[in-house]
Amino acid sequence: MKAIEFQLSQNINLEMVEIPDGSYLMGSSADEAVFRESETPQHKVKISSFFIGKFPVTQAQWFAVMNEMPKIAEDFRGGDLPVVNVWLEKALEFCAKLSKLTGKNFRLPSEAEWEYVCRAGTSTAYFFGETLTKNSANFDGEGLTVVGSFPPNGFGVYDMHGNVWEWCADVWHENYLGAPTDGSAWLKDGDQSYCVQRGGAWNVHADRCRSAFRVGDIAHNADHIVGLRVCMD
């Protein structure tokens with residue numbers, strides 16, 4: 001996969017991976033061992049090529065762009081750890097400042113783009129297969145792990161399962177009835193006070209880290225499990 005790199009400061013870079021065009025079945029089927037109604041109905045989505053962060057945004061990258069840090073407890077601090085305690089508004093501000101810094105259009109991924117990247121051509125519960133192990137991701141744990149500590153998926157993207165929840169651009173809908181099929185963010189109707197997060201986190205069970213698992217969270221719920229990953233057109 002093609003990758004490009006942006007220098008954010010003297011020693012801090014941001015790596016982006018090109019994701020190819022394609023289509024896939026988004027959501028879960030009743031055949032999956034664990035699934036929720038909010039992950040249905042399964043539907044085909046077409047995705048146009050774009051770039052996505054090779055890793056979740058790190059604390060060092062966040063500071064290089066924002067020149068300030070969210071409130072992070074001492075045990076969760078580290079330049080190569082994912083940034084956490086990120087409000088949605090701050091995630092969007094980061095994208096705007098990153099765009100100004102680089103001259104490129106950075107944004108949050110749509111929920112459909114996020115799942116397409118996570119699956120990387122697979123249709124199993126996780127891109128590793130039907131089960132997730134401690135050798136594959138950071139879940140059911142006690143804290144953050146350095147980005148890239150576990151193997152990447154088929155697109156060369158890391159930490160799509162576990163470590164931190166990642167904001168998506170979509171507002172929350174209870175299911176996929178009426179969802180876009182072109183990969184765009186679903187911004188109309190739904191619960192406008194909640195936005196989608198994906199990927200699971202270091203403190204949740206494996207089933208919440210599944211490729212199809214989704215939650216809606218209030219835009220100000222940030223704590224030490226919520227971060228972000230950026231996209232670029």
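At 30% relative accessibility, Lys90 falls in the partly exposed class, because that class lies between 20% and 50%. This is a predicted model. A search of the whole structure turns up 13 salt bridges.

**Lys90 and Glu68**

- The side chain of Lys90 meets that of Glu68 in a salt bridge, with N to O at 3.1 Å.
- Lys90 sits in helix α2, which covers residues 88-102, while Glu68 is in the loop between α1 (59-66) and α2, so the pair ties together parts 22 residues apart in sequence.
- Glu68 is also partly exposed, at 38% relative accessibility.

**Arg119 and Glu115**

- A salt bridge links Arg119 with Glu115, and their closest N and O atoms are 2.9 Å apart.
- Both residues belong to helix α3, residues 111-119.
- Four residues separate Arg119 and Glu115, which is about one turn of the helix.
- Are Arg119 and Glu115 buried or exposed? Both are buried.

**Arg229 and Glu166**

- Arg229 pairs with Glu166 in a salt bridge, the closest N and O atoms lying 2.8 Å apart.
- Arg229 is in the loop between β10 (226-227) and β11 (231-232), and Glu166 is in strand β7 (residues 165-172), so this pair ties together parts that are 63 residues apart in sequence.
- Arg229 is buried, and Glu166 is buried too.

- Which residues do salt bridges with shared partners join into one network? They are Glu111, Glu115, Arg119, Arg198 and Arg214.
- The pair Arg119 and Glu115, described above, belongs to this network.

**Cysteines without disulfides**

- How many disulfides are there? The count is zero.
- Cys95 is in no disulfide, and its nearest cysteine sulfur, that of Cys231, is 8.5 Å away.
- Why does that distance rule out a bond here?
- Cys95 counts as buried, at 3% relative accessibility.
- Cys231 is in no disulfide either. The nearest cysteine sulfur to Cys231 is that of Cys168, 8.5 Å away.
- Cys231 has a relative accessible area of 0%, so Cys231 is buried.

Note on methods. Residues are numbered from 1 along each chain as its sequence is written. This is a predicted model: local features need pLDDT of at least 70, side-chain atom pairs count only at pLDDT 80 or more; totals for chains, interfaces and linings use all residues. Side-chain values use heavy atoms; hydrogens and water are left out. A salt bridge is a side-chain nitrogen of Lys or Arg within 4 Å of a carboxyl oxygen of Asp or Glu. Helices (H or I, at least four residues) and strands (E, at least two) are DSSP runs, numbered from the N terminus. Buried means under 20% relative accessible area, exposed over 50%, partly exposed in between (1.4 Å probe, protein chains only). A disulfide is a pair of cysteine sulfur atoms within 2.5 Å.
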